[in-house]
Amino acid sequence: MTNLKVMTYKKIRAIISGGGTGGHIFPAVSIAGKLKEANPESELLFVGAEGRMEMEKVPAAGYEIIGLPILGLQRQLNAKNILNDIKVPFKLCQSIHRAGKVIDDFKPDIAIGVGGYASAPLLWKASRKGIPCLIQEQNGFAGLTNRLLGKKAGSICVAYEGMERFFPADRIVLSGNPIRSSIHPFSPEERAEG
């Protein structure tokens, strides 16, 4: 039997924001799992977009989430999308205001953005309030929200090399993609067998 040194970490209060797709939501849940593993007393709050996938998936993973009325720009021109896009600035203003209230009420030590337009109001407001911000960019091509937020974030965790084309090089951390503990990556030997 080996003696494992158990490391304990400080309890933190973190807001994790983003969503829209599983590509943003599941890394966010993985980050939350690692924070809870590091210190089970850490307090976590998710912030997403009302009516989007995260409003269902995050509570199913056991975490609290607050929705913002944020809308994303629609890039295809048609009557429905034009009406949506007219609402975007108003919804953005509402979301920034609500994000400020969430931050004031929760008092986070850090704000973590995982991409998707839902993270923009929260991280923008957090950076304005002097709260340390971290971005997780899990793609090889950074999304618009993360590119904009990367100018203010203290650290940008990426999965691929060469991300200096999107973010300030001195703030990039090559961390790889967060993987939920329920997913067990195969070893090279297991991949060869399968």
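## Terms and basis of the model

Angles between axes under 35 degrees count as roughly parallel, over 145 as roughly antiparallel, 65 to 115 as roughly perpendicular, and the rest as oblique. The axes are lines fitted to C-alpha atoms, for helices over the stretch in contact, and the angles run from 0 to 180 degrees between N-to-C directions. This is a predicted model, in which local features need pLDDT of at least 70 and side-chain atom pairs count only at pLDDT 80 or more, while totals for chains, interfaces and linings use all residues. Residues are numbered from 1 along each chain as its sequence is written, and side-chain values use heavy atoms, with hydrogens and water left out.

## Packing of α3 on α4

Helix α3 (residues 79–106) packs against helix α4 (residues 119–128) at an angle of about 55 degrees, and their axes are 8 Å apart; helices (H or I, at least four residues) and strands (E, at least two) are DSSP runs, numbered from the N terminus. The two helices α3 and α4 are therefore oblique to each other.

On the side of α3, the contact (heavy atoms within 4.5 Å) is made by L92, S95, I96, A99, G100 and I103, and on the side of α4 by P121, L122, W124, K125 and A126. Among the residues of this contact, eight are nonpolar, two polar and one charged, where Ala, Val, Leu, Ile, Met, Phe, Trp, Tyr, Cys and Pro count as nonpolar, Asp, Glu, Lys and Arg as charged, and the others, Gly among them, as polar.

## The sheet

Seven strands form an open sheet in the order β3-β2-β1-β4-β5-β6-β7, with parallel pairing; two strands pair if DSSP finds at least two bridges between them. Strands β3 and β7 (172–174) stand at the edges with a single partner strand each, so one side of each has no neighbour in the sheet. From one strand to the next, the twist averages 25 degrees.

## Strand pairs and crossovers

Strands β2 (residues 43–49) and β3 (residues 65–68) pair in the parallel sense over four bridges, and V47 stands opposite I66 of β3. Strands β1 and β4 also run parallel, joined by four bridges, with A14 having I110 of β4 as its bridge partner. Between β4 (residues 110–113) and β5 (residues 133–137), which run parallel, there are three bridges; the partner of I112 in β5 is L134, and that of A111 is C133.

Strand β2, helix α2 (residues 54–60) and strand β3 make a right-handed β-α-β unit, and β4, α4 and β5 make a right-handed β-α-β unit as well. A crossover is right-handed if, with the strands pointing away from the viewer, the path from the first strand over the helix to the second runs clockwise.
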